[in-house]
Amino acid sequence: MTKQIKYHQHLIPMKREELVDKLGATLTKKRFEHVLRVEETALELAEENGVNLEPVSIAALCHDYAKQRPDEDFISKIKEKKLDPDLLSYGNAIWHGVVGAEIVADELGVHDQRILDAIRQHTVGAAYMTKLAQIIYMADYIEPGRDFPGVDQARKITHQDLGKGVAFQTKQTLAYLIQKGQAVYPKTLATYNAWVPSNGKEK
Ligand SMILES: [Fe+2]
Ligand SMILES: [Fe+2]
């Protein structure tokens, strides 16, 4: 089973087991188990798409590292790192990825930009996403604990064609936000425009 992959410790200064222990001690049980399932799904997608497993494992395990932080932590990080001040108009749903990547960099010692981008983009996507970022975006959406109308279709599409999975999720997410009357983070719209018209046509 691919789960026991070994880290070479050039992308994160610890062994996989040490990272898993740290996450187990930091996150709620529910979120910790979600993160492990995201890793499992992400590694499957990595194998299917010929992507290097080590950065996939690290990005998957770290993607929700900051999710339980209080708002103040994100607000001070936005200011400290001089991130886009428009971010202050959003909340945890956007912050834990976009700003959470900075917390992962500072606290876990991950400085690989591909990994950090995958974490940044895991809820909002991006017009351009590496295969690694696409894998984390999709694994978070279809991991075995997810249960929503259409999840089986999402799984099937994603295992057939990763890019079509990205389009599927992006379209569903935007439709959901609009239906609920919620704010759309501009990057989510950019993701939609880049991925959906080209990829997301119903069969
Ligand atoms: Fe997340
Ligand atoms: Fe997640």
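Trainee: Which residues coordinate the iron ion (ligand 2)?

Mentor: This is a predicted model, in which local features need pLDDT of at least 70, side-chain atom pairs count only at pLDDT 80 or more, and totals for chains, interfaces and linings use all residues. Residues are numbered from 1 along each chain as its sequence is written, chains are lettered from A and ligands numbered from 1 in the order in which they are written, and side-chain values use heavy atoms, with hydrogens and water left out. Donors are N, O and S atoms within 2.8 Å of the metal (3.2 Å for Na, K and Ca); water is not among the atoms, so sites may look incomplete. Here the iron ion (ligand 2) is held by H34 (NE2), H63 (NE2), D64 (OD) and D140 (OD), at 2.2 to 2.3 Å.

Trainee: Why is the arrangement around the iron ion (ligand 2) irregular?

Mentor: Ideal angles at a metal are 109.5 degrees for four tetrahedral donors, and 90 or 180 degrees for six octahedral ones. In practice, four donors count as tetrahedral if all angles lie between 85 and 135 degrees; four count as square planar and six as octahedral if opposite donors are over 155 degrees apart and all others between 65 and 115; anything else is irregular. At the iron ion (ligand 2) the four donor atoms subtend angles of 82 to 174°, and the arrangement is therefore irregular.

Trainee: How are the donor residues of the iron ion (ligand 2) spaced in sequence?

Mentor: The spacing is H-x28-H-D-x75-D. Helices (H or I, at least four residues) and strands (E, at least two) are DSSP runs, numbered from the N terminus. H34 sits in helix α2 (residues 29–49) and H63 in the loop between α3 (53–62) and α4 (71–80), so this pair ties together parts that are 29 residues apart in sequence.

Trainee: Are H34 and H63 buried or exposed?

Mentor: Buried means under 20% relative accessible area, exposed over 50%, and partly exposed in between (1.4 Å probe, protein chains only). H34 is buried, with a relative accessible area of 8%, and H63 is buried at 0%.

Trainee: Which residue bridges the iron ion (ligand 1) and the iron ion (ligand 2)?

Mentor: D64 does, and the two ions lie 3.4 Å apart. The protein donors of the iron ion (ligand 1) are D64 (OD), H96 (NE2) and H122 (NE2), 2.1 Å from the ion. Their spacing in sequence is D-x31-H-x25-H. H96 belongs to helix α5 (residues 92–98) and H122 to the loop between α7 (113–120) and α8 (131–142), so the pair ties together parts that are 26 residues apart in sequence. Both H96 and H122 are buried.

Trainee: What does D140 touch?

Mentor: Contact means heavy atoms within 4.5 Å. Not counting residues up to four places away in sequence, D140 touches H34, V38, H63, D64, H122 and R146. D140 is placed in helix α8 and counts as buried at 9% relative accessibility. A polar contact is a pair of N or O atoms within 3.5 Å; within protein, one must be able to donate a hydrogen and the other to accept it, and residues adjacent in sequence count only if both atoms are side-chain atoms. One such contact, of 2.9 Å, joins the side chains of D140 and H34.

Trainee: How many aromatic pairs does the structure hold?

Mentor: A pair of aromatic rings is described by the distance of the centres and the angle of the planes. Rings of Phe, Tyr and Trp (its six-membered ring) pair if their centres lie within 6.5 Å; planes under 30 degrees apart count as stacked, over 60 as edge-to-face and the rest as tilted. The structure holds three aromatic pairs. One of them is F74 with W95, tilted, at 5.9 Å centre to centre and 35° between the planes. F74 lies in helix α4 and W95 in helix α5, so the pair ties together parts that are 21 residues apart in sequence. F74 and W95 are both buried.

Trainee: Which residues touch the most other members of the largest nonpolar core?

Mentor: In soluble globular proteins, nonpolar side chains tend to be buried together. A nonpolar core is a set of buried Ala, Val, Leu, Ile, Met, Phe, Trp, Tyr and Cys residues joined through side-chain atoms within 4.5 Å. Of the 64 residues in the largest one, I12, L19 and L108 touch the most other members. Helix α8 gives the most to this core, with nine residues.
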